[in-house]
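Colleague: I am new to this structure and would like to learn how to read it. Could we go through some features one at a time?

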Amino acid sequence: MNTPSTILSAIPRRLHIQPNHPLTITRQLIESRFPGYKTHNTLFPIVTTGQNFDSLGFPQDHVGRSRTDTYYINKDTVLRTHTSAHQADVFRANESEGYLISADVYRRDAIDRTHYPIFHQMEGARTWSRQAAEKTGKSLAEVIYEDVARIPKHNIQVEDPDTPFHASRNPKQDPHSVEEVAAVATHLKRSLEDVVVTIFDAARQASSSSDPSSPSAAADEEPLKMRWVEAYFPFTSPSWELEVFWQGDWLEVLGSGVVQQAILNSADVPDRLGWAFGLGLERIAMLLYGIPDIRLFWSTDARFLSQFDADAPLKRFVPFSKYPACFKDVSFWLPAPPSPSSSNSAAGGAGTLPPSSSSSSPSAPRAPSAPPSTTAAAAAPGSPAPASPSSPPPPSPSSSPTAPAIASAPLTGQAFHENDVMEIARDVCGDVVEDVRLVDEFVHPKSRRRSLCYRVNYRSLERTLTNDETNALHQRLEQQLVEKLGVEIR
Ligand code: FA5
Ligand code: MG
């Protein structure tokens with residue numbers, strides 16, 4: 001069990017089904033674009049490792065399974081890290097050709113404006129039956145293209161390099177023909193582009209009808225830009241992510257792909273094939289309303305909640321204030337490796353480099369400050385490695401000679417991982433921590449000890465913090481880092 005009480009106590013909140021909550025309104029708007037799809041909105045968040053990982057083809061040594069990334073309840077059960085945990089069960093129930101699952105998901109992850117340890121995903125899938133197609137006398141691809149023609153058209157230019165196959169990362173699955181994959185991919189991409197276009201149209205309409213002097217009205221007049229980027233997931237091939245240009249950078253909104261036939265076969269629906277996606281509901285709601293910070297979704301402040309009404313025309317979010325930020329640095333020495341004889345090797349020991357969030361985070365790119373190349377390379381919760389269209393997948397962590405970093409450490413609980421700092425910050429400071437980032441690292445030339453410096457940005461969304469208050473929080477944070485991680489404050 002590595003799940004803090006702050007996380008457990010948030011489980012009953014279920015923001016995505018609260019009436020008039022922006023996540024609920026966003027969910028319903030997306031659901032309206034998938035008529036006939038069966039919706040599941042109350043699936044229980046504690047699942048088995050079988051559901052979350054095994055059923056989806058995650059290898060045993062996959063970093064997504066580690067305690068640094070995932071909240072365990074006990075050794076066989078976790079807080080689901082993604083809605084894909086329910087794929088196999090819902091495919092097996094075989095109640096409809098398409099389904100949508102919306103749910104709270106849990107991850108130990110970075111802290112910034114677009115990442116939060118609990119967030120909400122919507123999973124969608126659409127499959128077609130080969131037998132049913134045969135009976136029509138048409139090819140399966142033809143049947144799928146007829147369905148493509150029913151998706152509303154848009155005239156937005158979408159960047160799509162359209163390189164579906166990659167020999168090792170995204171091979172064509174044997175049972176599928178090239179034409180079938182192209183048809184499934186087209187249906188998938190048009191369906192999801194339609195979602196984003198719908199969101200942007202709604203946002204634009206809301207802006208133009210709101211007070212023109214309000215800052216959020218003008219802020220998002222940018223034309224919509226989106227692009228498809230090759231991705232990797234153990235449970236789809238080929239796979240893509242969709243990114244949207246937002247506030248100066250590319251924001252990843254979803255992962256998707258052609259469902260691994262093995263999953264459908266073991267769910268007793270071998271006759272079916274199709275696509276699946278998983279999107280971040282907060283990310284979409286941020287685009288829709290112009291909500292600037294993911295912490296706001298958890299606010300119980302009436303100045304936030306009163307701005308959303310499912311029955312009224314959509315209005316852009318009007319930030320109710322911007323309180324001052326307070327930056328404080330914490331520098332510490334990482335603990336020495338457990339045994340002195342192992343100090344000549346950094347591999348796997350405490351005190352090795354923390355992985356950068358773009359290479360280890362099970363999630364999306366760090367906020368819009370990251371360059372596009374890293375945003376495109378972010379790994380999936382399930383991906384063993386960032387996928388970049390030009391490079392082969394890196395070797396598995398245990399065999400990598402060049403990256404003896406933390407991702408490869410055996411899970412003894414002693415190895416330092418950046419996510420531990422993030423979690424302690426959340427635990428001590430709650431939602432008044434806006435952002436935590438590594439700003440410096442240093443290796444002592446003689447002792448070879450490694451020191452890290454993190455910059456913590458304190459800012460409440462609801463009030464001005466006093467100096468005494470931030471000082472006290474920062475001191476507690478330092479204490480907890482010492483107690484829980486064994487570091488030495490510099
Ligand atoms: C997944 O979770 C896959 N299960 C998606 C999928 C489903 C792929 C079905 C293929 C088929 P990923 O880790 O990229 O992928 O997360 C999906 C989306 O969740 C991201 O694109 C992003 O929009 C959102 N997301 C990820 N991490 C966070 C976070 N910490 N806070 C808020 N949103 C997040
Ligand atoms: Mg991703």
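Modeller: We start with a term: a helix here is a DSSP run of H or I with at least four residues, and helices are numbered from the N terminus. Asn-52, for instance, belongs to helix α3, which covers residues 49–52. Keep in mind that this is a predicted model.

Colleague: Is Asn-52 buried or exposed?

Modeller: Buried means under 20% relative accessible area. Asn-52 has a relative accessibility of 0%, so it counts as buried.

Colleague: Which residues does Asn-52 touch, leaving aside those up to four places away in sequence?

Modeller: Its contacts are Val-47, Phe-58, Val-78, Arg-80, Thr-81, His-82 and Ala-85, with residues up to four places away not counted.

Colleague: How many helices and strands does the protein chain have?

Modeller: The chain has 15 helices and 15 strands. Of its 490 residues, 56% count as buried. The accessible surface of the chain is about 20600 Å², and carbon and sulfur atoms account for 54% of that. For contacts between residues at least 6 apart in sequence, 71% join residues at least 24 apart.

Colleague: Why is helix α2 described as largely enclosed by the rest of the structure?

Modeller: Helix α2 spans residues 22–31, and eight of its 10 residues are buried, so the rest of the structure largely encloses it. The buried residues of α2 are Pro-22, Leu-23, Thr-24, Ile-25, Thr-26, Arg-27, Ile-30 and Glu-31.

Colleague: Next, backbone angles. What is the general idea?

Modeller: Most residues other than glycine have a negative phi, and most peptide bonds are trans. Arg-14 has a positive phi, near 40°, and is not a glycine. Asn-20 is another such residue, with phi near 65°.

Colleague: Where do Arg-14 and Asn-20 lie?

Modeller: Arg-14 is in the loop between α1 (5–8) and α2, and Asn-20 lies in the loop between α1 and α2 as well. Arg-14 is partly exposed at 35% relative accessibility; for Asn-20, the relative accessible area is 33%, which also makes it partly exposed.

Colleague: Which peptide bond is cis?

Modeller: The bond from Ser-237 to Pro-238 is cis, and its omega is near -5°. Pro-238 belongs to strand β9, residues 236–246.

Colleague: How should I read a pair of aromatic rings?

Modeller: A ring pair is described by the distance of the centres and the angle of the planes. This structure holds 18 aromatic pairs. In one of them, Phe-245 and Trp-250 have ring centres 5.3 Å apart and planes at 75°, so the pair is edge-to-face. Phe-245 is buried, with 18% relative accessible area, and Trp-250 is buried at 9% relative accessibility.

Colleague: What about Tyr-289 and Phe-308?

Modeller: Their ring centres are 4.8 Å apart and the planes stand at 90°, so this pair is edge-to-face. Tyr-289 lies in helix α10 (residues 281–289), while Phe-308 is in the loop between α11 (302–305) and β12 (326–333), so the pair ties together parts that are 19 residues apart in sequence. Both Tyr-289 and Phe-308 are buried. Ring pairs also link Tyr-289, Phe-304, Phe-308, Phe-317 and Phe-320 into a cluster.

Colleague: Which charged end sits over the ring of Phe-245?

Modeller: That of Lys-225, placed 4.1 Å from the centre of the ring.

Note on methods. Residues are numbered from 1 along each chain as its sequence is written. Chains are lettered from A and ligands numbered from 1 in the order in which they are written. This is a predicted model: local features need pLDDT of at least 70, side-chain atom pairs count only at pLDDT 80 or more; totals for chains, interfaces and linings use all residues. Side-chain values use heavy atoms; hydrogens and water are left out. Helices (H or I, at least four residues) and strands (E, at least two) are DSSP runs, numbered from the N terminus. Buried means under 20% relative accessible area, exposed over 50%, partly exposed in between (1.4 Å probe, protein chains only). Contact means heavy atoms within 4.5 Å. Accessible areas come from the Shrake-Rupley method with a 1.4 Å probe; for residues, only the protein chains shown count as cover. Rings of Phe, Tyr and Trp (its six-membered ring) pair if their centres lie within 6.5 Å; planes under 30 degrees apart count as stacked, over 60 as edge-to-face and the rest as tilted. A charge sits over a ring if NZ of Lys or CZ of Arg is within 6 Å of the ring centre and within 35 degrees of the ring normal.
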